[in-house]
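Have the coordinates open while you read, and skip to whichever point you care about.

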Amino acid sequence: MSFLARANKKGVRAGAAVAASAAAVAATVWGVAALVGPGGPAASQQNVARPGGPGSGDDGRPGQQPQGIPEGIAHASESGGNAVNITIDDGPDPRWTPKVLDVLRRHDVKATFCMVGPQAKAHPDLVKKVVAAGHRLCDHTMNHDTAMDKKPVAYQEQQILEAKKLIEEAAGSGAKVEYYRAPGGAFTPDSRRIAAAHGMRPLGWNVDTKDFDKPGTAAIVNAVKREIGNGPTVLFHDGGGNRAQTVDALDQVLSWLKEQGRPTGFPVRTAPDAPDAPDAPRAPDAPVTSTASAAP
């Protein structure tokens, strides 16, 4: 697999290129300053994974990284067997993250929180609570741009590394971001390489609950029961809008998993993953401007 060597050499120093790229694509970015209505450009931006496509990274081959982190997208669980990975995206959010944390605490379950850089900076207290509770951190970029795979390498690097810095600064106490999840599954060979080189395992998912669309608590729960055979990593959200259905569904799902005798764990970091584990399709994310506008 080849990479863009010249772009790699430029790295984050290509500040001007990054700024120009970011400005040119602002309308496709989650968290931009202006909301895009249902009929606007964002309506056509499907936040879906790209299984089997360029940069899918599902070959499971470890990258040659100093930290020993493979570039392949992780889906399996460190706990192996029939363990399930709970992953929570798009926060932290001052209204919903505490509720999600409470559900996880009551079920004695640890999860991986995929955080957006500016959200982490705005709510360092929540990042610290996530870490203190024994959960793991994941980099979900600066702007949740679901078209990152179409952007220059310098832009991808800026989105990944700036978010990592903000999340770790918010966490404090030497806490590390251990995973990287591309918004909408928009991974590229370069973004996976950049993440792995900085100690973050690219992280996929197997079960898309579609909770972002608020289909109803029962629909979210049923999605997990129906799709858990696809693999162990389940996608929920604590940010980006009203997550009341997610909180209720997560509670029910964790009770059901216990009834099924299925433990929970964290996604693999250093072991190669199965080569045939594509990410599940995902519903489009609605753009929001801030935490305040995300809450009802």
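1. Overall surface. The chain has an accessible surface of about 11900 Å², and carbon and sulfur atoms hold 55% of that. Areas come from the Shrake-Rupley method with a 1.4 Å probe, and for residues only the protein chains shown count as cover. Before going on, the ground rules: this is a predicted model, where local features need pLDDT of at least 70, side-chain atom pairs count only at pLDDT 80 or more, and totals for chains, interfaces and linings use all residues. Residues are numbered from 1 along each chain as its sequence is written, and side-chain values use heavy atoms, with hydrogens and water left out.

2. Fold at a glance. I count 10 helices and 8 strands in the chain; these are DSSP runs (H or I of at least four residues for helices, E of at least two for strands), numbered from the N terminus. Of the 296 residues, 56% are buried, where buried means under 20% relative accessible area, exposed means over 50%, and partly exposed lies in between (1.4 Å probe, protein chains only). Take the contacts with a separation of 6 or more: 81% of them involve residues 24 or more positions apart. A contact here is heavy atoms within 4.5 Å.

3. Helix α5 against α6. The axes of α5 (residues 124-132) and α6 (residues 153-171) come within 7 Å and cross at roughly 75°, so α5 is roughly perpendicular to α6. For the record, axes are lines fitted to C-alpha atoms, for helices over the stretch in contact, and angles run from 0 to 180 degrees between N-to-C directions. Angles under 35 degrees count as roughly parallel, over 145 as roughly antiparallel, 65 to 115 as roughly perpendicular, and the rest as oblique. On the α5 side the contact uses P124, V127, K128 and V131, and on the α6 side I167, A170 and A171. By class that contact has 6 nonpolar residues, no polar ones and 1 charged. The classes are: Ala, Val, Leu, Ile, Met, Phe, Trp, Tyr, Cys and Pro nonpolar; Asp, Glu, Lys and Arg charged; the others, Gly among them, polar.

4. Helix α3 against α5. Here the axes come within 11 Å and cross at roughly 10°, which means α3 is roughly parallel to α5. T97, P98 and L101 of α3 meet L126, K129 and V130 of α5. The contact of α3 with α5 divides into 4 nonpolar, 1 polar and 1 charged residues.

5. Helix α9. Buried in α9 are T246, V247, A249, L250, V253, L254, W256 and L257. An α-helix has 3.6 residues a turn, so residues three or four places apart point the same way. The buried residues of α9 pack against β1 (84-91), α3 (97-106), α8 (217-227), β7 (233-237) and β8 (264-265). After α9 comes G261, with a positive phi near 70°.

6. T112 sits in strand β2 (residues 112-115) and counts as buried, at 0% relative accessibility. Beyond four places in sequence, T112 touches residues including I86, I88, R136, Y179 and F266. R269 lies in the loop between β8 and α10 (291-294) and is buried too, at 17%. Among the contacts of R269 are E78, R136, E178 and Y179. The C-alpha atoms of R269 and G72 are 9.9 Å apart, although 197 residues separate them along the chain.

7. Backbone spots to check. G91 and P92 are joined by a cis peptide bond, with omega about 5°, and P92 is in the loop between β1 and α3. K210, in the loop between β6 (207-208) and α8, has a positive phi near 55° without being a glycine; K210 is partly exposed, at 35%. K214 is found in the loop between β6 and α8, with a positive phi of about 50° although not a glycine, and is partly exposed at 43%.
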